[in-house]
Structure formats: structure tokens, C-alpha cells
Amino acid sequence: MTRRNTFFGIWLFFSMLIGITGVVPSAQAQPETLTIAAANSLKDALRKVLPRFEAEHPAINVRVIYGPSQSLRKQIEEGAPVDIFLPSLFDEIDQLETKGLIIQGTKRAFAGTSLVLITGAALPAPVRTIHDLETVPVRRIAIGDPKTSSVGKVAAQFLKYSKLEPKLKSQYVFGEHSRAVLDLVAKGEAEVGVVYRTDAASNDKVRILDTAPVESHTPVRYGVAAVWTAKNVSGAGDFIEFLLAPQTQALFQEYGFDRVTGDVGLVQRQEVKP
């Protein structure tokens, strides 16, 4: 067989193959990654929420970075490759927006919680209410570090408002975030602590004593926004819509989060660079 005939035979074979299948075989598209920077206090809820999102959006693979909200916000300011920001304090998103570092129209509030005083379940402090801290001596009180965590910032506001700061400041033991504060109290390294109710409610090693007055601190509203470093803008829009859907909101309520109005901004799929 001549070389020309061999080439013609190969061409004829592939022509027949294409005619049978109708298309040329192509490689299967790989899922796009959606990177989320989320507050530590969302970890338990997101473990249930995210698999449902991925099941509904098989073309998206979610990657989550957990940490203190303030620390995550600073990383985003410095250009960390993140698509979605989920802080535990809405003010963190407002700070990014002021600097032009979020995609306009994507910031929303999706959940809320309260600030509570806790003690260890095994060795409880002789304290029943916040007012008892004025007269009952405690050796250590655990709070989040106001320089790194939103829960620490809110706790500091509450202690100052309640005029407890001068009396208790020398007894502060700082945790990097809300879960670290929980551990300090659960292990007996602090007699009482100030954390988010959602964290304390799921931990059987601590007991909630009292709730901080609403007017004593910035409202604890969990926010969401697509940020300036987002590469998967379409996936970010899908996630925000999913987060605000009634069935997803019901899941967050199962984990003790409060429903809040989400009409802070409308989801618009357009990218605005700083």
C-alpha cells in the first residue's frame, strides 16, 4: 500500500468515527474553584451548607480558608486570592468597601447572633449574670483579641459599655478568635469568657450564663461580599444567591443563627476594580 493510500485509509477511518458519534471526543471540563475566606465561628454550619452548594453546582469546587475576621480582611486588602468574604462582623465588609475592594452590589447580611457570658461546665464560676461581675471576683476572663478578631472587638465594646473594663482589664486572657476563647474557658484556664452565642450553644463543655445587652455593642451580623481579587465572579454570584435562599437560611437557623434582613445590597454580576 502506498503512503498516499495509507493516509487516505486513516482519514476515512476517522471520518467514519465522527459520522457515527456526531462529535469529536473532548476532554471533560474541570470544576472551577471558588475560594471563600470565612470567620471561624461559621465552620460548623458551613460543613453542612457547602456540600449542598457543590451538589447543586457540580461545576464549582469550593475551597475555604477559616480565620479571625479582621485577619482575613487584612489578607484580602493585601491581595489574597479570594472570591468570597464571610466575616462575622459586617463592619469588616464596610471597611473593604470604603477602600473600593469589593465588587459593588454583592454585599449582603445573611445571619446574626448575640454576645454571651459563659463559664465552664465542669468547674463553673460563682457567677450567674453579667451584673455579678461587678461584685464577684474572678481570676481570669477570656475574650477575643480586639486587634485580630471581631468577637474581641465586640467584647471590648460590651465591657467598656458595662463599665466593667477598669475592674476586669488586668484579668483578661486573650484568644485569637471565638473558638479559642471557648477552649480557654472549657479547659479551666479562664473562669468566664465572652463569645458568640452560636459557638457556645454547640459546645457542651461550657455553659451560657447571660446575654450582653443589644445596645452594648455593634450588632453581630454575618456578611457576605465578592471581593476585588475574585477570579470566579460568576461562581461568587451563584454562592451569594444560594446563601440567601430560604432553604439555606433554615440550615443556619438549625445551628442557632438568627435571621436578618439581607437587603444591604443587590447581587450584581459585574466586577469593579479598585
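Predicted model: local features only at pLDDT ≥ 70, side-chain atom pairs only at ≥ 80, totals over all residues.
Residues are numbered from 1 along each chain as its sequence is written, and side-chain values use heavy atoms, with hydrogens and water left out.

Let us start with helix α2 (residues 43-56) and helix α9 (residues 233-244), which pack at an angle of about 125 degrees with their axes 11 Å apart. Helices (H or I, at least four residues) and strands (E, at least two) are DSSP runs, numbered from the N terminus; axes are lines fitted to C-alpha atoms, for helices over the stretch in contact, and angles run from 0 to 180 degrees between N-to-C directions. α2 and α9 are therefore oblique to each other. On the α2 side, V49, L50, R52, F53 and E56 meet G235, D238, F239 and F242 of α9, where contact means heavy atoms within 4.5 Å.

Helix α2 has another partner, α10 (residues 246-254), and here the angle is about 160 degrees, with the axes 9 Å apart. α2 and α10 are therefore roughly antiparallel to each other. From α2 come A45, L46, K48, V49 and R52, and from α10 come T248, L251, F252 and E254.

Now turn to helix α3 (residues 69-77). Its residues S69, Q70, L72, R73 and I76 are buried, meaning under 20% relative accessible area, with exposed over 50% and partly exposed in between (1.4 Å probe, protein chains only). Seen down the axis of α3, the buried residues fall within an arc of 160 degrees, so they line one face of the helix; the arc is that of the directions from the helix axis to the C-beta atoms. Among the elements covering these buried residues are β1 (32-39), β2 (60-67) and α5 (150-161). Just after α3, G79 takes a positive phi of about 100 degrees.

Our last stop is V206, in strand β9 (residues 206-211). At 8% relative accessibility, V206 counts as buried. Leaving aside neighbours within four places in sequence, V206 touches I118, T119, G120, A121, L182, V185, A186 and A200. The C-alpha atoms of V206 and K187 are separated by 9.4 Å, and the two residues are 19 apart along the chain.

Note on methods. Parallel < 35°, antiparallel > 145°, perpendicular 65-115°, else oblique.
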